[in-house]
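Keep the selection tool ready, and show side chains as each stop calls for them.

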Amino acid sequence: MDIGIDSFAAVVSDPKTGKTLSPAERVRNLIEEIELADQVGLDTFGVGEHHRAEYLDSAPVVILAGAATRTKKIRLTSAVTVLSAADPVRVFQNFATLDLLSNGRAEMVVGRGSFTEAYPLFGLELEDYDDLFEQKLDLLLALRKEEHVTWEGRHRPALTGQGVYPRPVQNPLPLWIGVGGTPESFVRAGVLGLPLMVAIIGGQPARFRPLIDRKAGVKAGYKPEQLKVGAHLFGFVGDTTEQAADDFYPGYERMFTKIGAERGWGRVTRAQFEATMGPEGAYVIGDPARVAEKLLHINETLGGLDRVTFQMTNVLLPHAKMKHAIELLGAKVAPVIRKELAAFR
C-alpha cells in the first residue's frame with residue numbers, strides 16, 4: 001500500500017494570534033511539507049485544484065513542479081485535476097512536463113471536482129457536467145496513448161492528427177479516476193481499467209465496499225490485480241490521540257462550518273467529529289499506533305487498497321505541527337503498515 005498526503009493549499013491562520021499567513025508564506029510552507037514527506041519516506045503527495053479565495057491551488061501543477069526540484073523519490077500527483085473545466089491537451093502537456101522535471105514521478109488524479117466555481121469561470125455550463133467529463137477523459141486517454149491524435153467532440157475543437165508534446169518519461173503517464181459516491185463513476189473506472197481514487201470524507205468506509213467491487217473491470221476483461229483502488233481520507237497524527245484531535249478539530253470545524261453553510265449541512269460538532277474518529281468511522285486521526293490500526297482495518301473493510309492518502313489540510317494548524325504530523329506518519333505509521341501487509345503476501 002502506498003501511503004501519502006493530499007493538500008488543498010488552504011489559506012492558514014495562526015490560532016494564537018489570528019494572523020493569516022500571506023499567500024507566499026503559505027505556499028513556501030507547503031513546499032517544505034512536500035520536501036519533508038519525501039525525506040521521511042512517504043510514497044505520494046497530492047495537491048488539489050480549487051478556484052476559491054480560501055485556497056491557493058488553482059494551478060496545482062506549478063506547485064508540484066516547485067516540489068519536484070526539491071524532492072527525490074516521492075510521487076507527485078493532483079488531488080484532483082478538475083478535468084471537466086480544463087483543456088485535456090494542456091492538462092497532458094502540463095503533467096508530461098512535470099514528469100520530465102521529476103524524472104518520472106508525476107501522476108494525475110482526474111475528476112469533476114466538489115465545487116462548481118470552475119465552470120462559469122471558464123465559460124462552461126453546469127448542465128453539461130457529466131458530458132464534459134466523459135468527452136474530456138476520452139480525449140485525455142487518447143493523448144496519453146498516441147503522439148498524434150484524431151478526435152472530435154462537442155466541447156472542444158477537433159484534433160486532426162496534430163502532435164502533442166512533450167511526451168512524458170512514463171509511458172503511459174499514470175492516471176487515476178477520482179470519485180465521490182456516484183455509482184456510475186466507479187463503473188466507468190472499472191470498464192476503462194483505470195485506478196480508482198475514492199474520496200471518503202465522512203460516514204463509514206464500509207458503505208463504499210459495494211461500489212469498489214471490481215466486477216465491472218473484470219467483466220471488461222481486466223484481471224482483479226490490474227484494478228487498483230485508493231482511498232482519500234481525513235487523517236492526522238499526533239503524539240497522543242487526544243492531542244491529535246485537539247490540534248485538528250478547530251481548523252476542521254471552521255472549514256466545514258463555511259462549506260456547510262453554503263450547502264445546507266447541519267452544524268459541525270466535536271461529538272460528531274469524535275464519532276467519525278471511532279473504529280468504524282472515516283477519520284484516521286490519533287497517535288501512531290491508533291492510526292496504523294485504523295488504516296489496516298479500513299484496508300480490510302474495503303477489500304485491499306493500493307494507496308491511502310491523508311487529507312491533512314487544516315486552516316488553523318501551525319506549520320510546525322503539520323510537519324510533526326508528517327514526520328510521525330512517515331516514521332511511525334508507514335513502517336508498521338508495510339510490515340503488516342508484507343506478512344500477508
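In which loop is the place of Asn-103? Select Asn-103 and look at both sides: the residue sits in the loop between H3 and E5. The model on your screen is predicted. Asn-103 is not a glycine, yet its phi is positive, about 60°. Its relative accessible area is 64%, so Asn-103 is exposed.

**Helix H3**

**Two cis peptide bonds**

Stay with E3 and E4 and select the loop between them, where Val-80 is found. The peptide bond from Ala-79 to Val-80 is cis, with omega near 5°.

From E7, follow the chain towards strand E8 (175–179); Pro-172 has its place in the loop between E7 and E8. Select Asn-171 together with Pro-172: the peptide bond from Asn-171 to Pro-172 is cis, with omega near 5°.

**Ala-9**

Select Ala-9, found in the loop between strand E1 (2–7) and helix H1 (23–39). Is Ala-9 buried or exposed? With 2% relative accessibility, Ala-9 counts as buried. Ala-9 has a positive phi of about 50°, although it is not a glycine.

**Aromatic rings**

Show the rings of Phe, Tyr and Trp. How many aromatic pairs are there? The count comes to 15 aromatic pairs. Select Phe-236 and Phe-248: their ring centres are 5.4 Å apart and their planes meet at 35°, so this pair is tilted. Phe-236 lies in strand E10 (residues 229–237) and Phe-248 in helix H9 (residues 241–263), so the pair ties together parts that are twelve residues apart in sequence. Both Phe-236 and Phe-248 are buried.

Then select Tyr-252 and Phe-256, another aromatic pair that is tilted, with 4.8 Å from centre to centre and 35° between the planes. Tyr-252 and Phe-256 are four residues apart in helix H9, a separation of about one helical turn. An α-helix has 3.6 residues a turn, so residues three or four places apart point the same way. Tyr-252 is buried, with a relative accessible area of 8%, and Phe-256 counts as buried at 10% relative accessibility.

Now widen the selection to one aromatic cluster: Phe-234, Phe-236, Phe-248, Tyr-249, Tyr-252, Phe-256, Trp-265, Phe-273 and Tyr-283.

**Last stop**

Select Arg-263 and Phe-115. Where does Arg-263 lie relative to the ring of Phe-115? Arg-263 lies over the face of Phe-115, at 4.7 Å from the ring centre.

Note on methods:
Residues numbered from 1 in each chain as written. Predicted model: local features only at pLDDT ≥ 70, side-chain atom pairs only at ≥ 80, totals over all residues. Heavy atoms only, no water. Phe/Tyr/Trp six-rings, centres within 6.5 Å; stacked < 30°, edge-to-face > 60°. Buried < 20%, exposed > 50% of the residue type's maximum accessible area, 1.4 Å probe, protein only. Lys NZ or Arg CZ within 6 Å of the ring centre and 35° of its normal.
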